[in-house]
Amino acid sequence: MIKWLFALLLAVVIFGSAAFFGYHIIVKPEMAVRAEQRGEVPDEPRVDVSLPEFQSAAQMKSDGRLGDARAALTAFLQKYPTSPRSEEAKDLLGETNMTILLSKYPSPEKQEYVVKSGDVLARIAQKTKTTPELIMRTNNLSGTMLRIGDRLFISHPDFSIFIQRKEQNVILLNKGAFFKRYRARSMKLPAKQAPRIVTRVAETMAWRDGKRVGFGTRAYAGSTRWIRLATPGYVLYPEPSTPGARPGGVPSPPNGIAMAAADVEELSGLVNSKTAVTITD
């Protein structure tokens, strides 16, 4: 009885193995050939050769090696512009760039400035060609008051904005290179639009309780920001959290680009009336 059972098991193993290998070596290739002849070629899974380099760059950021992460992500996007990870890499690079900019993290593009007698924030910003709010955020200042001898980190970015209407992207460039991408929530623009518009930021606006408030005032902290462009119909403003809501106590503009409130607030502290803007389809 045991011999017959062993013989049966051996036969199953032998013929089962033969069937398995026969299917994968003969039947499956033949089926693939016939499918190809019928134009039914399935998509073969593609190996993402860029993945290890992306993971390495992401790990650098996670470890706090921001300068190395920035260099690695920039090189990644240049080397693999069509990688499945390219969009994720752009967002990660934007986060890294902004973390370096808005902190005391040392970087080659920052210089140290020692506050002197008679210095005020606006004068330092004008002298160093930056914005008062950027100085405050970089140095984690809670107010505009300065003391003689304070050491400030000053950055000298040359920002411009590139708006893609169809993709609904608002891209921040520094010296013409990608810095960070913001995604618009919605766009309500005038009906007739030129394919390409070259304009600039006209003004940044802050609202609280339905009134305009100025930089440096107590009401400015936590205010709702707008960025008005010189071209009519283009205002970057925070999207209301609920229908009918009035962020800052004012109604949304009739035309403009709605974004996350945190994004408009961040961007408004980086631009001024000299910031160039290009708008395309």
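**Pockets and packed helices**

Me: How much space lies in the second largest pocket?
Reply: The second largest pocket holds about 340 Å³ of space. A pocket here is an open set of points on a 1 Å grid over the protein atoms alone, with protein on both sides within 12 Å along at least five of seven lines, and lining residues have an atom within 4 Å of a point. Volume is the space filled by probe spheres set on the points, which are joined across faces, edges and corners.

Me: And what kind of model is this?
Reply: It's a predicted model, where local features need pLDDT of at least 70 and side-chain atom pairs count only at pLDDT 80 or more, while totals for chains, interfaces and linings use all residues. Residues are numbered from 1 along each chain as its sequence is written, and side-chain values use heavy atoms, with hydrogens and water left out.

Me: Back to that second largest pocket. Which residues lie nearest its centre?
Reply: Met136, Leu141, Ser142, Tyr220 and Ala221 do, out of 17 lining residues. Helix α6 gives the most to this lining, with 3 residues. Helices are DSSP runs (H or I, at least four residues), as are strands (E, at least two), and both are numbered from the N terminus.

Me: What's the lining like by class?
Reply: The second largest pocket has 5 nonpolar, 7 polar and 5 charged residues in its lining. Ala, Val, Leu, Ile, Met, Phe, Trp, Tyr, Cys and Pro count as nonpolar, Asp, Glu, Lys and Arg as charged, and the others, Gly among them, as polar.

Me: OK, how much space lies in the largest pocket?
Reply: About 450 Å³. The largest pocket also has 17 lining residues, and nearest its centre are Lys129, Thr130, Thr131, Asn272 and Lys274.

Me: Which helices supply at least two residues of that lining?
Reply: α5 (121-128) and α6 (132-138) each do. The largest share, 3 residues, comes from α5. By class, the lining of the largest pocket splits into 8 nonpolar, 6 polar and 3 charged.

Me: Which residues line the largest cavity?
Reply: Thr224, Trp226, Tyr237, Pro238, Pro247, Val250, Pro251 and Ser252. Strands β9 (224-229) and β10 (235-238) each supply at least two residues of that lining. The cavity lining has 6 nonpolar, 2 polar and no charged residues.

Me: New topic. At what angle do α2 and α4 pack?
Reply: Helix α2 (residues 51-62) and helix α4 (residues 86-101) pack at about 20°, with their axes 11 Å apart. Axes are lines fitted to C-alpha atoms, for helices over the stretch in contact, and angles run from 0 to 180 degrees between N-to-C directions.

Me: Are α2 and α4 roughly parallel or antiparallel, then?
Reply: α2 and α4 are therefore roughly parallel. The cut-offs are under 35 degrees for roughly parallel, over 145 for roughly antiparallel, 65 to 115 for roughly perpendicular, and oblique for the rest.

Me: Which residues meet there?
Reply: In α2 they are Phe54, Ala58 and Lys61, and in α4 they are Glu88, Ala89, Leu92, Glu95 and Thr96. Contact means heavy atoms within 4.5 Å. By class, the contact of α2 with α4 has 4 nonpolar, 1 polar and 3 charged residues.

Me: How about α2 and α3, at what angle do they cross?
Reply: Roughly 155°, with the axes of α2 and α3 coming within 8 Å. That makes α2 roughly antiparallel to α3. The contact includes Phe54, Ala57 and Met60 of α2 and Leu66, Leu73 and Phe76 of α3. By class, the α2 and α3 contact has 8 nonpolar, no polar and 4 charged residues.

Me: And what's the angle for α3 with α4?
Reply: Helix α3 (residues 66-79) and α4 cross at roughly 150°, and their axes come within 9 Å. α3 and α4 are therefore roughly antiparallel to each other. Among the residues in this contact are Leu73 and Leu77 of α3 and Leu92, Leu93 and Ile100 of α4. The residues of the contact of α3 with α4 divide into 9 nonpolar, 6 polar and 2 charged.

Conventions: On a 1 Å grid over the protein atoms alone, a cavity is a set of points where a 1.4 Å probe fits but cannot get out, and a pocket is an open set with protein on both sides within 12 Å along at least five of seven lines; lining residues have an atom within 4 Å of a point.
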